[in-house]
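Here are my notes for a first look at this one. Keep the structure open beside you and go through the points in turn.

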Amino acid sequence: MQIHNIDFHFHAGQERDEGVTLADHLANAVMTGRKVVNLTDHGELYLGGRRLPDNAPYSKGIEGLAEYRAELDKLKSQFPSLKLFFGPEFHPTIDLDTVPGELAKMSDMFLCALPPVEETFAANTAGRLARLDEIRRFRDRMDRPVLIVHPFHSCVKYQLVTHPIAPWITDIPIRDVGQYSLEELNKFFRFDISTLASACREMDLSVEINGGTHEMARLLNLPSVIGMLWSAFKFLAGEGVDIAPGSDQHEVSGPRGRLGVSVPADAFEAIGITAKDIRLLAKLDS
Ligand SMILES: [Zn+2]
């Protein structure tokens with residue numbers, strides 16, 4: 001098993017393009033080399049205020065998640081090369097304490113995101129820590145493993161996309177992985193990464209290296225940002241945090257056609273993490 005074979009963040013649900021089936025997404029997974037796949041969808045589309053797209057395949061509410069899971073179970077025998085899991089994704093707009101307990105029965109794991117980093121450094125860190133505590137309660141109540149998804153996505157987006165790119169960011173030197181100081185990483189990512197590390201280690205939460213975040217950074221032509229991302233994950237791994245891969249691919253058709261989102265295998269290679277190191281995989285296998 002290689003890293004690109006493992007994708008814990010593979011979307012296929014309410015947002016499927018018209019005429020595209022769940023089987024089409026699974027066929028895409030097979031032909032793009034995926035072998036372990038966690039099928040996900042945004043929890044807000046079922047349990048939150050987010051409006052369903054026209055022609056959404058499943059109902060609103062917990063029933064919709066049950067329908068998605070049932071369709072996945074029905075298709076499993078057609079895709080014997082895939083080891084398939086089901087794990088909805090929750091952003092901070094969902095109060096995890098209100099998620100119905102019956103969701104545990106139909107889920108193998110959960111993806112949980114942290115709040116964005118729009119405030120001061122101290123407030124961003126405190127907000128993320130509070131959410132991590134809510135996630136821990138949720139994990140304990142559901143008794144399913146949780147993957148903290150795209151922990152640096154909103155940070156890269158803030159620095160490179162939603163605000164003008166500051167000259168100090170353009171000028172960050174390109175260095176090898178592990179050669180950026182924690183101070184430099186904290187300044188760029190706008191929260192205290194060591195707090196995230198100790199919380200995730202103590203709470204036994206896995207953390208995702210996300211393909212979508214890598215794609216965004218690469219499209220901005222700043223290799224130093226990739227270097228900082230990899231350095232941040234190397235720091236987390238060094239602090240004993242379990243690191244796991246996810247692409248965050250949503251579409252298998254549409255304007256980009258077959259061009260989806262990669263599992264960032266190069267990041268794992270740079271940090272020195274292999275498939276057998278991933279504790280989340282072992283948890284799901286047991
Ligand atoms: Zn996602």
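1. Start with strand 1, helix 1 (residues 22-31) and strand 2, which make a right-handed β-α-β unit. Right-handed here means that, with the strands pointing away from you, the path from the first strand over the helix to the second runs clockwise. Helices (H or I, at least four residues) and strands (E, at least two) are DSSP runs, numbered from the N terminus.

2. Two things to know before going on. This is a predicted model, in which local features need pLDDT of at least 70 and side-chain atom pairs count only at pLDDT 80 or more, while totals for chains, interfaces and linings use all residues. Residues are numbered from 1 along each chain as its sequence is written.

3. Back to strand 1. Is it enclosed or open? Six of the six residues of strand 1 (residues 6-11) are buried, so the rest of the structure largely encloses it. A residue is buried if 20 or more other C-beta atoms lie within 10 Å of its own, exposed if 12 or fewer, and partly exposed in between, with C-beta atoms placed from the backbone.

4. Strand 1 runs parallel to strand 2 (residues 36-40), and four bridges join them. Two strands pair if DSSP finds at least two bridges between them. Look for His11, which stands opposite Thr40 in strand 2. On to the next pair: strand 2 and strand 3 are also joined in the parallel sense, over four bridges, and Leu39 has Phe86 in strand 3 as its bridge partner.

5. Put together, these strands give an open three-stranded sheet with the order 1-2-3 and parallel pairing. Its edges are strand 1 and strand 3 (83-86), each pairing on one side only. On average, neighbouring strands of this sheet are turned by 25 degrees against each other, direction ignored.

6. There is also an open sheet of five strands, in the order 4-5-6-7-8, with parallel pairing. Strand 4 (89-90) and strand 8 (243-246) are at the edges with a single partner strand each, so one side of each has no neighbour in the sheet. Within it, strand 5 (residues 110-113) and strand 6 (residues 146-149) pair in the parallel sense over four bridges, and Cys112 has Ile148 in strand 6 as its bridge partner.

7. Cys112 and Ile148 come up again in the largest nonpolar core, which has 72 residues; those with the most contacts inside it are Cys112, Leu147, Ile148, Leu229, Ala232 and Phe233. Helix 11 (residues 223-238) gives the most to this core, with nine residues. A nonpolar core is a set of buried Ala, Val, Leu, Ile, Met, Phe, Trp, Tyr and Cys residues joined through C-beta atoms within 7 Å.

8. What does Phe233 touch, leaving aside its neighbours within four places in sequence? Phe233 is in contact with Ile209, Ile243, Ala267 and Ile271. Contact means that the C-beta atoms of two residues, placed from the backbone, lie within 7 Å.

9. Leu236 is in helix 11 too. Leu236 counts as buried because it has 23 C-beta neighbours inside 10 Å. Beyond its neighbours within four places in sequence, Leu236 is in contact with Ala197, Val207, Val241 and Ile243. By contrast, Val252 is 16 residues from Leu236 along the chain, and their C-alpha atoms are separated by 32 Å.

10. Now see how helix 8 (residues 182-189) packs on helix 11: the angle is about 115 degrees, with the axes 10 Å apart. Axes are lines fitted to C-alpha atoms, for helices over the stretch in contact, and angles run from 0 to 180 degrees between N-to-C directions. Leu182, Leu185, Phe188 and Phe189 of helix 8 meet Met228, Ser231, Ala232 and Phe235 of helix 11.

11. Finally, check two backbone spots. Most residues other than glycine have a negative phi. Arg190, in the loop between helix 8 and helix 9 (193-203), has a positive phi of about 70 degrees although it is not a glycine. Asp204, in the loop between helix 9 and strand 7 (206-210), is not a glycine either and has a positive phi of about 55 degrees. Arg190 is buried, with 20 other C-beta atoms within 10 Å, whereas Asp204 counts as partly exposed, with 15 C-beta neighbours inside 10 Å.
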